[in-house]
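Welcome, and please open the structure in your viewer. We will go from stop to stop, selecting a few residues each time and looking at what is there.

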Amino acid sequence: MHRLWEVALSTTYRSDSRPAGLTTKILAGHGAGDAKPGALATVSCDLVMMNDVSGSLAMRAFERMGAVRVFDPERVVLVADHFVPAKDVRSAELVADLRRFAQRYGIEHYYELGRTEEAGIEHTLLPELGLIAPGSLIAGGDSHTCTYGAFGALGLGFGSTDIASALALGEVWVRMPETIRIEFVGQPGPWTAGKDLILAVLRQTGSSGAAYGALEFWGDVVDELSVDDRMALCNMAIESGAKSGICAPNAAVLEWLDARSVPRVDALVADEEGYDHVLRVDVDGLPPLVACPPDPAAVIAIDELPSGLRLDQVYVGNCSNGTLSDLRQLVAGLAGRRVARGTRLMVVPASNAIHRAAMTEGLIETLVMAGAVIVPPTCGACFGGHMGILGRGERALATTNRNFRGRMGHADSEVYLSNAAVAGASAAAGAIVDPRAS
Amino acid sequence: MNGATPLAGRVVRLGDDVNTDIVLAGEYLNMTDPDELALHLLERFEPPVADRIGQGTVLLAGRAFGGGSSREQAVLAIVARGVTALVAASFARIFFRNAVNLGLPAVECPDAWRDVADGDEVTIDLASGTLTRPVDGAVWSFPIPSPFVADLLAAGGLEEWTRQRLASLGSG
């Protein structure tokens, strides 16, 4: 297992010794050298990951490329998560493709709900398994690969052909990003979480204000953030148009890594002056925020929403907010009440381990008794796949990361995004409500 | 598809923030056949445009074309329809990569987005970085592709580029 970290640990950073942030240093140490923003560079991958949606196209391209082996079977991770349990015959075939690829190329890191002991949503699962180390570079066949920034790793999302090439060569081409230091100032108010920090960023950047850039999160609040909240923060970096989001490991992350015997990279330190841009985000006394359809960056404070937005569904899950912390916040938001009549509460623990822990804590029992439906770990309805699709005219509040038109189902359905505590209070009310008032 | 021959096509204008969920909805991601994916291209775009997209179409979009999901199926569907090129005020990063990786030219030209009308016939010359409307001779400039991206497009995409790379490394 430790072989996985050879590249990450042997990285040398920029030779011109100009100040730089984590992103630039990680790219430099993976082959980009002193390449300037805008320049193209080829960088090596410590890990290449794909799922059941990106996988089938990637493996076909891989074979058409004439590749007969993956660059390193130990550095390839396959996760069936989008359409599991298979929702139909086609989905079953996608998962079977992934499984066959694992067998043919000797890939041990294969995870499929039900078939392997550990399984779940890729971006939650990989860190849980100890596969994400600070300073490493992960090429993932999924846009939310940026989640790994929570651990000081550079997660970059790609399409299937890029992943195919990375599987064959162990490297990808990148455009060197301009870096943006996000400076959080102040302490958020009650009932907020990592979700609200990133929504506060998106409120300022809009959906493309950070296009092609790399976000790095700074500030006391980031230093104090839990691992789960850091994952929520980094997960939605791409919703600003950025290619990645990252924060320097804090005590919580180091404890997480130690528990999984993942080596630390003490040499990797961000230079405060090493950024192309700085964006100050004042989060002092921040209230819970909500992103309104159809734009994750259409963010307003919850008390600015019109009242009485009735909900057909509340969905708690996905790679941004399906963690144990989220389930706890959901239960806190419900505050002992039942789910309102006429509203479905779908709860999707993001991994088997989270599901087990939530059972041990009694959260699952509390949720089921309150009327929630527990969905097994899957990307599910977040991307309009299955397990909670919205019909025409239906409205949902979700802890997911995208609320584009028709994202969770019918083109004329609506998705609002919030943290899990807001989701809990709203599930009890049957409408979007402020947990501070309920 | 080498930059020497100008690309030609009729423009279908889209909008700002046309994300990949709009280009190809998530419910179709269980499909892998490009022709089948193409049936659902821009199915949810308002006003309806899907019927007008075919061989020789140039898709012209505004800000952040292709934002969101990394689903390459979205570009695969565009290619399967016979689209000649993508032009946008700006592209989302992964969508741009997916396009050039599949050999589909994608150029950033905010002025063209501002000026060129739906239905206009245009030619695009990657080598000189110009988009021309022959009917009145109007010309718009865009940054020429970087040498690497030009190589990718000349090879027909990353698949062929990597195939050559593997062959030159003497390993598969």
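Before the tour starts, one term: helices (H or I, at least four residues) and strands (E, at least two) are DSSP runs, numbered from the N terminus. What you have on screen is a predicted model. The prediction scores ipTM 0.96 and pTM 0.97. For chain B, the mean pLDDT is 95, and 96% of the residues of chain B reach 70 or more.

**Stop 1: helix H4 of chain B**

Select residues 93-101 of chain B, which form helix H4. Is this helix enclosed or exposed? Nine of the nine residues of H4(B) are buried, so the helix is largely enclosed by the rest of the structure. Click along H4(B) and you will pass buried residues including B:Arg93, B:Phe95, B:Phe96, B:Arg97 and B:Asn101.

Now step past the end of the helix. H4(B) is followed by B:Gly103, which has a positive phi, near 80°. B:Leu153 belongs to helix H6 of chain B, residues 147-155. A residue is buried if 20 or more other C-beta atoms lie within 10 Å of its own; B:Leu153 has 23 such neighbours, and therefore counts as buried.

**Stop 2: where the chains touch**

Next, show both chains in separate colours. The contact takes 46 residues from chain A and 39 residues from chain B. On the chain B side, the elements that give two or more residues are helix H1 (20-23), helix H4 (93-101) and helix H7 (158-169). Colour the chain B side by residue type and it divides into 15 polar, 12 nonpolar and 12 charged residues.

**Stop 3: the nonpolar core**

Which residues have the most contacts inside the largest nonpolar core? Select A:Leu167, B:Leu60, B:Val87 and B:Leu104 to see them; the core has 212 residues. Helix H14 of chain A, residues 420-429, supplies the largest share of this core, with eight residues.

Zoom in on B:Val87. Setting aside neighbours within four places in sequence, B:Val87 is in contact with B:Val58, B:Leu60, B:Val107, B:Cys109, B:Ala112 and B:Leu131.

**Stop 4: two cis peptide bonds**

Move to A:Pro85, in the loop between strand E3 (76-80) and helix H4 (89-104) of chain A. The peptide bond from A:Val84 to A:Pro85 is cis, with omega near -15°. Then find B:Pro47, in the loop between helix H2 (34-38) and strand E2 (57-61) of chain B. Here the bond from B:Glu46 to B:Pro47 is cis, with omega near -5°.

**Stop 5: two loop residues with positive phi**

Finish in chain A. Select A:Trp191, in the loop between strand E8 (179-185) and helix H7 (194-205). This residue is not a glycine, but its phi is positive, near 65°. Is A:Trp191 buried or exposed? A:Trp191 is buried, with 23 other C-beta atoms within 10 Å.

Last, pick A:Asn318, in the loop between strand E14 (313-316) and helix H11 (324-334) of chain A. A:Asn318 has a positive phi near 90°, again in a residue other than glycine. There are 26 other C-beta atoms within 10 Å of A:Asn318, so it is buried.

Key. Residues are numbered from 1 along each chain as its sequence is written. Chains are lettered from A and ligands numbered from 1 in the order in which they are written. This is a predicted model: local features need pLDDT of at least 70, side-chain atom pairs count only at pLDDT 80 or more; totals for chains, interfaces and linings use all residues. A nonpolar core is a set of buried Ala, Val, Leu, Ile, Met, Phe, Trp, Tyr and Cys residues joined through C-beta atoms within 7 Å. A residue is buried if 20 or more other C-beta atoms lie within 10 Å of its own, exposed if 12 or fewer, and partly exposed in between; C-beta atoms are placed from the backbone. Two residues are in contact if their C-beta atoms, placed from the backbone, lie within 7 Å. Ala, Val, Leu, Ile, Met, Phe, Trp, Tyr, Cys and Pro count as nonpolar, Asp, Glu, Lys and Arg as charged, and the others, Gly among them, as polar. pLDDT is the predictor's confidence in each residue, from 0 to 100.
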